[in-house]
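This report describes selected features of a protein model. Please examine the sequence and the structure shown here before reading on.

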Amino acid sequence: MKAILFREIKSFFGSPIGYLVIAIFLIINGLFLWVFEGDFNILNSGFADLSPFFIISPWILIFLIPAVTMRSFSDEKKQGTLELLLTKPISLWQIVNGKFLGAMLLIIIAIIPTLIYVYAISSLGMPEGNIDLGSTMGSYFGLLFLISGYTSIGIFTSTLSENQIVAFILSVFLCFIFYFGFEGLSQVFKPFENIISAFGMDNHFKSMERGVIDTRDIIYFVSVTFLFLSFTVYKLKSYKL
């Protein structure tokens, strides 16, 4: 698995992909939070609060993570190296986990520089240091689980087609459904609102944003991640037969 992981990281940073992902994520967030006028501008909000970052980041990642994962297995299939990879003396789970962790590590590297925002807001607060660190750290924790869910979906969709664009579109669609779709459906079917919204990532992510780490939220994200990684392994088995 380590060999697959290092191979993925090397491929990301051996090409412009890794640098573009990090740059795009930081630039888009930076513009919305500090430059553009609007509801997300922290300087105009009057509050020492990082919540705008955690509102827009899931939406940026809906497009950014599929862009990273779309090549995971699609590229292997297109180049004809998937069969060679499957004959290696490693299990399918090790292959999938290596791809998954490689993509997830790249996104985490993109997230790390945003910790500067915490320091900046803390310094700008009146009095200085007036920031809810519990809620902020809980939100970062929730963002990691959200990244995990998105990445597992992206890895799975990359097995469905050798066309990277198709894999990208499918991944964006599924990520959107799991993040916002269930929340939208819950507004339509009001009698079952709580039940339907519980299937959506948005509901559990917002729970973590409050700084409360509930085991139900952790179990949800772990289950979604495991489910789509299992789908990926199952799909790869069909190629191995």
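**Helix packing**

Axes are lines fitted to C-alpha atoms, for helices over the stretch in contact, and angles between N-to-C directions run from 0 to 180 degrees. Helices are DSSP runs (H or I, at least four residues), numbered from the N terminus. The model is predicted: local features need pLDDT of at least 70, side-chain atom pairs count only at pLDDT 80 or more, and totals for chains, interfaces and linings use all residues. Residues are numbered from 1 along each chain as its sequence is written, and side-chain values use heavy atoms, without hydrogens and water.

Helix α9 (residues 133-157) packs against helix α10 (residues 164-188) at about 145°, and their axes lie 9 Å apart. Contact (heavy atoms within 4.5 Å) involves residues including Leu146 and Tyr150 of α9 and Leu170 and Phe178 of α10.

**Salt bridges**

The whole structure holds six salt bridges, each a side-chain nitrogen of Lys or Arg within 4 Å of a carboxyl oxygen of Asp or Glu. Arg71 pairs in this way with Glu8, with the closest N and O atoms 3.9 Å apart. Arg71 lies in the loop between α4 (51-69) and α5 (74-79), whereas Glu8 belongs to helix α1 (residues 2-13), 63 residues away.

**A loop residue**

Phe199 is located in the loop between α11 (193-197) and α12 (201-209).

Technical notes: Helix = DSSP H or I, 4+ residues; strand = E, 2+ residues; numbered from the N terminus.
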